[in-house]
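Please read this briefing alongside the sequence and the three-dimensional view shown below.

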Amino acid sequence: KQTLRSRTLYRISSVNGMNAGEGALGTRQINWLCALLRQAAERREKVICFCHFPLTGRAALIDAQEVIRTMSKTGCVAAWFAGHIHTGGHLVTNDGLHQITLHGMVESSARNAYALIEIRPDRLLETGIGDEPSRELPFGKPAK
């Protein structure tokens, strides 16, 4: 007897943080993102977002708090990948959202800096190249 394995489906979303040239998504894009996340949550999909700007810190999107509220309502966003802060970083919030800021290759001490991301059913595996570290990014709330 053959059984079907449950599959986790993923959505990859890229948003433009330069709405009106000011480091924001703006109302139209936030509404679009909210609709996309509601649909993904209904389908039990995980979402991985990409944007030039991070959600926290001195260079965060101007409307980052609204974006975070939108993501928190659905609980389906696994990771937010950003750039902009060339020193990189990683933060995992209480609800399990990974915020990864990739190292900038323009200031890399190595010849280059980038990462390969492998998607697994329960985690992301980041293999860092150059100054970018390798990380294991499990889905779900972090252990206390």
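Of the 144 residues of the protein chain, 40% count as buried, where buried means under 20% relative accessible area, exposed means over 50%, and partly exposed covers what lies in between, with a 1.4 Å probe and protein chains only. This is a predicted model, in which local features need pLDDT of at least 70 and side-chain atom pairs count only at pLDDT 80 or more, while totals for chains, interfaces and linings use all residues. Residues are numbered from 1 along each chain as its sequence is written, and side-chain values use heavy atoms, with hydrogens and water left out.

**Overall build**

- The secondary structure of the protein chain comprises two helices and eight strands, where helices (H or I, at least four residues) and strands (E, at least two) are DSSP runs numbered from the N terminus.
- Read from the N terminus, these elements follow the order β-α-β-α-β-β-β-β-β-β.
- Taken along the principal axes, the box filled by the C-alpha atoms of the protein chain is roughly 55 × 35 × 30 Å.
- Among contacts between residues at least 6 apart in sequence, 51% join residues at least 24 apart, a contact being heavy atoms within 4.5 Å.

**Surface and charge**

- The protein chain exposes about 9,000 Å², and carbon and sulfur atoms supply 49% of that area; accessible areas come from the Shrake-Rupley method with a 1.4 Å probe, and for residues only the protein chains shown count as cover.
- The mean positions of the 18 positive and 13 negative charges of the protein chain are 9 Å apart.
- In that count, Lys and Arg are positive and Asp and Glu negative, while His and the chain ends are not counted; the place of a charge is NZ of Lys, CZ of Arg, CG of Asp or CD of Glu.

- Ser13 is found in strand 1, which spans residues 10-14, and Ser13 counts as buried because its relative accessibility is 3%.
- Leaving aside neighbours within four places in sequence, Ser13 is in contact with Trp32, Leu33, Leu36, Val47, Ile48, Cys49 and Phe50.
- Val67 belongs to helix 2, residues 64-74, and Val67 is buried at 1% relative accessibility.
- Not counting residues up to four places away in sequence, Val67 touches Leu25, Ile30, Leu33, Leu55, Leu61 and Trp80.
- The C-alpha atoms of Val67 and Leu55 are separated by 8.1 Å, and the two residues are 12 apart along the chain.

**Loop residues with positive phi**

- Most residues other than glycine have a negative phi.
- Arg44 has a positive phi of about 60° although it is not a glycine; Arg44 lies in the loop between helix 1 (26-42) and strand 2 (46-50) and, at 73% relative accessibility, counts as exposed.
- His84, also a residue other than glycine, has a positive phi near 70°; His84 sits in the loop between strand 3 (77-82) and strand 4 (89-92) and is partly exposed, with a relative accessible area of 34%.

**Salt bridges**

- Side chains of opposite charge can pair when their charged atoms come close.
- A search of the whole structure finds six salt bridges, each defined as a side-chain nitrogen of Lys or Arg within 4 Å of a carboxyl oxygen of Asp or Glu.
- One of them joins the side chains of Arg11 and Glu45, at 2.5 Å from N to O.
- Arg11 lies in strand 1 and Glu45 in the loop between helix 1 and strand 2, so the pair ties together parts that are 34 residues apart in sequence.
- Arg11 counts as buried at 17% relative accessibility, and Glu45 is buried as well, with a relative accessible area of 10%.
- Glu132 and Arg135 meet through their side chains in a salt bridge of 3.1 Å, N to O; Glu132 is buried at 3%, and Arg135 is buried at 16% relative accessible area.
- Arg120 forms a salt bridge with Glu118, with the closest N and O atoms 2.7 Å apart; Arg120 counts as partly exposed at 35% relative accessibility, and Glu118 is partly exposed at 38%.
- Asp122, Arg123 and Glu136 are linked in a network of salt bridges.
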